[in-house]
Amino acid sequence: MTLPHLIILSFMSLTGAVFAQNVTPTYANVPYGPHSRNVLDFWKATSDKPTPVVIFIHGGGFTSGSKSEYATESNLRPFLNAGVSCVAINYPYLVSKPIQDILRDCARAVQFVRSNAVTLKLHKTKIAAVGTSAGAGTALWLATRDDLANPNATDPVLRESSRLRCAVLYHTQATYDLTRWESFLGPAKPEFFVNATTPEQFYHFPNATYITTPAAVPILRECDMLSWISKNDAPLFLDSPIDVPALTTREEWLHSTKHARAIKTSCSNVAVPCTLVQDESTPPDLTAFFVKHLGPDGFETWAASLGISEDATSDSDGDGIQALLEYGLGYDPKKANTLPTPVANGADLKITWPKGSQAAADTRISYRVEVSNNLKDWGPPASGNLTQTANSIELVLPSTDSRSFARIAVVRD
Ligand SMILES: [Ca+2]
Ligand SMILES: [Ca+2]
């Protein structure tokens, strides 16, 4: 998969002043919800396999903007040529819904795309988002918020995951808990609020002081992406070129690099990969970012070379060992294998798992060994009992330890 560098939308394009050739969608104005702006356009990449998909989320302060801004040849063609399908969404403006509901609508768009993965031949786990300004903040919220999937929902769309594989944010805001902005932007100035949306308009609060009441707390928390950032969230790529130390205009206040740095700090606290263009000495490669997260990984390349399903849980030889584990242990996914069993090691037991050579060299693969005394409660073995080498994992089960059951999982990040 190769992707030329994504064209960064200029602020001009946010005003709709775009005169570029558009790509006709495969499906246009598909409703993903009941509101008139719950519609999306879909462009299918040509492929005989399920494709990754990028969802574009427009900016405009939640008061303007359109999915059509992303329909251009220059934006879409690099993705489509690289075998990545594209979606651009509209979502309701603040005039009809508060921010907390708009964000949910955008999550529904992700869930809707995922619910149609089979029909549209999309890779269910390779859904990325790209957003500008308000769309970037929304993509950040989608990338970081706990999964909204509700397995008990009567609506099948809401049973789907709302999570993203990765997200690219241009001119993003750090959080839609507006009470936190001063903490990373410094004191606000009156000129920042000329023609601004008020907090009452933003959250649909009944009055100006409601934001300071306990009733507002859960709503502010729901909209606070900085607080949603946690371990294992999707990797982020940020580009926020308004890098001025002292903010003087509303534009700078809304799109300052300080927003991106607040995100980056929160990400680094919990080891979420976050690249900020403005803080890199050499320009980071956006194409490499997409290829890393949306392109075939080591397991998929291995599965494709052997002609088996790229579904990690598949078991093409019916030996009860799922494909990802076969990859991790270097087993043949087309021939029945048996898992290692413990052998005597003095008074102790010892179990040795092999590592597949491809998996052992795959930086996205790790091995998780757990032990148990009842096959119900599992936890890590005592340090010192586990030895990993380049081609095997050896676990000692001491006779003095009641935990005599062991299991291994192959983890793909
Ligand atoms: Ca999170
Ligand atoms: Ca096998």
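Here are some notes on the fold and on one helix pair.

1. Bear in mind that this is a predicted model, where local features need pLDDT of at least 70, side-chain atom pairs count only at pLDDT 80 or more, and totals for chains, interfaces and linings use all residues. Residues are numbered from 1 along each chain as its sequence is written, with chains lettered from A and ligands numbered from 1 in the order in which they are written.

2. The protein chain has 15 helices and 14 strands (DSSP runs numbered from the N terminus: H or I of at least four residues, E of at least two). Its C-alpha trace spans about 80 × 50 × 45 Å along the principal axes.

3. The domain assignment gives domain 1 (11-295) and domain 2 (300-412); such bounds come from an automatic or database assignment. The two domain centres, taken over C-alpha atoms, are 38 Å apart.

4. Now the helix pair: the axes of α3 (residues 99-115) and α5 (residues 134-144) come within 10 Å and cross at roughly 65° (axes are lines fitted to C-alpha atoms over the stretch in contact, with angles from 0 to 180 degrees between N-to-C directions).

5. Who touches whom? Leu103, Cys106, Ala107 and Val110 in α3 meet Thr138, Trp141 and Leu142 in α5 (C-beta atoms, placed from the backbone, within 7 Å).

Terms used: Contact = placed C-beta atoms within 7 Å.
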